[in-house]
Amino acid sequence: MPNLGKLPLSLKRNILSFERKLLFADTAVAVSSFFLAFALPIALLFVSDRFLETHSVARSALLLLSILFSGASLIFWTSRWLINRRSYSELSQLIQKKIKPLGDRLQGAVELASDESAGALISEELRVAALNQVADASQKYDFAKAVDKSRVAKFAICLILAALLFAALAKFANPALINSISRFLNPFGSGKRFTFTVLENLPERLIVPMSEPFSVKILLDNRSLSHPKTAKAFLAAQTVNANLDKNSFLFSFAGISEPHAMFIKAGDCRAKLEVIPKYRPSIKNLKAVITPPPYIGGTIEEEIKGNSFRVLSGASVSISGEYSGELSSVSVKNNSADIPSSFSGASFKSAPDSKLSNGGKLVISATDINGLEQIPATSLGIEPTQDNPPWTEISDCPQGTAILKDEILEMTVRAVDDYGLSLLAIEIAIFHKEKREIEKIQRFEIGKFKEKSLSRESEYFFSPSPLKIEPGTLVRLRSAASDRCPQNQETFSSEKYIYVLTDEQHFKLVMEKLRTLSAKIQELRNNEKDLLDKNNALLEFDEQTLKNEDNRKKLSTQLEEEKANMRKALDLCEKGAEALREAMRNNSFSPDLMKKWTEFFSKLSDIANNDFKKSVAPLKKAMSSDDKKNQISKAAQEQERIIKELDKILEDFESHIGESFMDNFAGRLRREAENERKTQNSLGEILKESAGVKAENLSAKLKEDISSQANAHSAVRESVGEIRDDMTGLFKRLPLYVYDRILKDMESEKIIRKMSGIEESISENRLSDAMEKSGTVAKKLSEWADLLSAASSSSSCASSQSSIQVPLDLVMGLMKILFKENELRKKTKNLDKNKNENKEYSTGSIVLSEEQDEIIQAMSKLSEKYSAAIPQLKELLARAASPMTDAEILLGKCDTGQETVAAETEAIEILSAALSSMNKNSAMLSMMGAMLAGNSPGFGMTGDSDTANTKINGNIFNADTVEKTSDKTFSASEFNIPERFRPLYESYLKRIEERRLPQNEK
């Protein structure tokens, strides 16, 4: 500070007075600034907290600004008054700014008084005079007034107002003020802002039902100082107002499907919570654990589907299930009565309750850990049930059909029970040949079930031969099943009726099939003749006319018709091969006839595969060629040749049919003649013991023997009557001389009446008379058989030439062997399937071993007959005989298992390969070979395609209504077929029709 001792006293005092006043003003401003630096941010925070939760960053910024501003005030005052205090020269400058009349004189006087070097320049008197002059001029001014009082006043007013504000807040909002000061001084602390409106314990997040309208109830806390009448809530573009009601606000919202933040505004309170939509708890799966009555045992776990479930009467039931989320509670009620239950996580289970089996209504509800309640509750109806008897059926088998004695009919036996089967069996009832009553019942168990089995399905192979069922017998099949319930009776399936065909009946069916084929060949021939006429009509036009649109259309139509005829011819070949395959089953067809028919169908096959192609080819060329007339002419020539060939085939075929019937009638008459001779011989033996004894005095044994012979003769009489009736029916269609002669002879001899008299003589013990007449009848039957044989041998049936290189007899013989081996394999499988239940298993296996030996012997005879002509045949048949011998040995040891079947299959494959090689030059024989060998998966070319086609539904057969007529599928009136069995024959015909070559072989 400069020395002011040289200044006049008055001037000095005036300057010092200004300095003191300035110090007071700067100090007051500094102090006011210091307090305002904190008061204003706190007030700002107080106001901010009334509207929102001021962020800690904003609060820390306010605190930092307060510290900086207050520090700046302190630093400014310290700098001015302690560190860099103003000089008097600077003070004089400040005074001059306010007291302008002094100009620069005051500053010059201060500098003159403080400048020690000025004495050397001017005299002391002059300096004093100058200073006094300035002092005198300043006497009229008060330098203290030069201090800016307005600045001090402003800060003072601000400080007073701040003090008043804080005093008011302290009086009326002290908690809020203290909360703001605390939050200001500790911006990152955990303290929340104070609100006059306090909401009660709002959660951070709220779980609501997915996409469902919901309501939120907000309560005011008891600490709330303000109770606003309304409040607002904002959620996903929804603004909802709520009025204060009983110290709470209720907000209702539309459903949401995604999480959103909810903002609530109530007075000065601002709240935010996360709203998360979630699905209500739902049962993913529901199960009933049923403990049935003791006779069933165990437990049954059943998945409940739908709105009800069944419970066996007397059972105990526990309900369990799994929800979509973890549970906080679960309730299970039956008819409003609580059932104890437990839960863990998302799963629950009720205690076992036997009352549920009485029925009622079961209600299940739950609440998950999010507080969402299951809506609606699961409601289940309980249906008490009884243990029903089992259900069983035989499927894949016609309701009624006919089969041959050695044929195997495959079927499926099924049984189902609601709580477990105990037995499944097949019952075979054999009817008496003459009476309509069951003569014998056989029963075969398919399975007894110790363990619970709700369903069972098994294949069953029915064949009359192993059961010793004779041809001409009606059989009833049905399955039987029983369960474990003591009160339930055994149940049966619907009945299947099977008629075992005799050779004569099968012969008639096959012949009818062949006659049908003959009619279709005639139809094919007529169609071809119509096409020939149409082609000849086109040949009358010139080349230019043939090119017009109408004729082109006619030509196109005729081409398609010719192709259709070719397809029909191929189809007839397939049907012919099937008919021949059927004929091979029956010994009534002689090998010579089989040979002729095979040659006949081979010729038809050649026409179908070669000649028709030759007629189709020029018609195709005519469509695009300019030389249409020439091509149509070539087609017409081929059609003429086809018609001639078909005429020759039809002529030969009719002769073959006639010859077949003659041979059949001759064989049947010879058989009955032999049976009559046996009766005659048997009567002779009985006569030795019964001669001279009256009928009433005969012993029981003799009476039984005589009755047996009377029955045997009656059977011969009936057979002769059938032959007469069949011949009569055939004579209407084929009026041959030999039939006329024999029928007239039968009439003149009164053969049936004569045989009835023999039966009476036997019954009355007039055996000598009966023997004489029986011999006469047998002789007459033989004479008629010889007449038929002579007529057959002199028939003009001529065999057409074929391209078969291997002797046809050999091919046919191998086909028969292949067929028998295939049937033997089926019998082996069938016998093995039921070996544990079949008491005659050992006997049956030995019988099959003998059949295998017969096949080996037949093959040996073929080898001896043809080995010289075909050297490689011996080695081939020896290869086939090796596995057959293995099968024979195994069957003799009562082994019908896989090894035996494999040996039989190997033999079949060897024979199939041989036939395939032999038949490569004959489409017809190849077709027959394929049908015999089959083409089922797993057996190469040796499958069981000749198994009866059980997919064809036959006519429904009822033993009580067997005399009812049905639609005929063949001319049954021409043969003496029992009317009541006709539906079964028709079913057999359908099966023959369906035994076709597999599609991939066509």
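This is a predicted model: local features need pLDDT of at least 70, side-chain atom pairs count only at pLDDT 80 or more; totals for chains, interfaces and linings use all residues.
**Entry 1**

E212 is partly exposed at 27% relative accessible area. R280, at 18%, is buried, because the cut-off for buried is under 20%.

**Entry 1: other salt bridges**

I get 29 salt bridges by this rule. I picked E490 and R443 next. Their closest N and O atoms are 2.2 Å apart. This pair also links distant parts of the chain, 47 residues apart. E490 is in the loop between β24 (474–483) and β25, and R443 is in strand β22 (residues 438–448). Both partners are partly exposed: E490 has 32% relative accessibility, and R443 has a relative accessible area of 37%.

Then I took a pair within one helix. E674 and R677 meet in a salt bridge at 3.9 Å, N to O. They are three residues apart in helix α12 (residues 628–690), so about one helical turn separates them. E674 is partly exposed at 39%. R677 is partly exposed at 31%. I also noted a network: salt bridges with shared partners join E427, R443, R476, R478, E490 and E495.

Which residues of β15 are on the covered face, and which on the uncovered one? I read F348 and S350 as covered, and S347 and K349 as uncovered, in strand β15 (residues 347–350). In a regular strand the side chains alternate between the two faces of the sheet.

I traced two partners. Strand β11 (residues 316–323) runs antiparallel to β15, joined by three bridges. There, G321 stands opposite F348. Strand β14 (residues 341–344) is also antiparallel to β15, over four bridges. S341 faces S350 across that pairing. β14 and β15 make a hairpin with two residues between them. In the turn, G345 has a positive phi of about 65 degrees.

Is N551 buried or exposed? I find N551 buried, at 5% relative accessible area. N551 belongs to helix α10 (residues 549–583). Setting aside neighbours within four places in sequence, N551 contacts L538, F541, T545 and L546.

On the surface I noted a nonpolar patch of I157, I160, L161 and L164. Together these residues have about 410 Å² of accessible area. L164 lies in helix α6 (residues 149–172). L164 counts as exposed, with 54% relative accessibility.

**Entry 2: the whole chain and its confidence**

I count 22 helices and 26 strands. Of the 1002 residues, 47% are buried. Among contacts with a separation of 6 or more, 73% join residues 24 or more positions apart. The chain exposes about 49,000 Å², and carbon and sulfur atoms supply 51% of that area.

I checked pLDDT last. The chain mean is 77, and 82% of residues reach 70 or more.

Methods. Residues are numbered from 1 along each chain as its sequence is written. Side-chain values use heavy atoms; hydrogens and water are left out. Buried means under 20% relative accessible area, exposed over 50%, partly exposed in between (1.4 Å probe, protein chains only). Two strands pair if DSSP finds at least two bridges between them. Patches are made of residues with over 30% relative accessible area and no salt bridge: like charges are joined within 9 Å, nonpolar side chains (Val, Leu, Ile, Met, Phe, Trp, Tyr) within 5 Å. Accessible areas come from the Shrake-Rupley method with a 1.4 Å probe; for residues, only the protein chains shown count as cover. A salt bridge is a side-chain nitrogen of Lys or Arg within 4 Å of a carboxyl oxygen of Asp or Glu. pLDDT is the predictor's confidence in each residue, from 0 to 100. Contact means heavy atoms within 4.5 Å.
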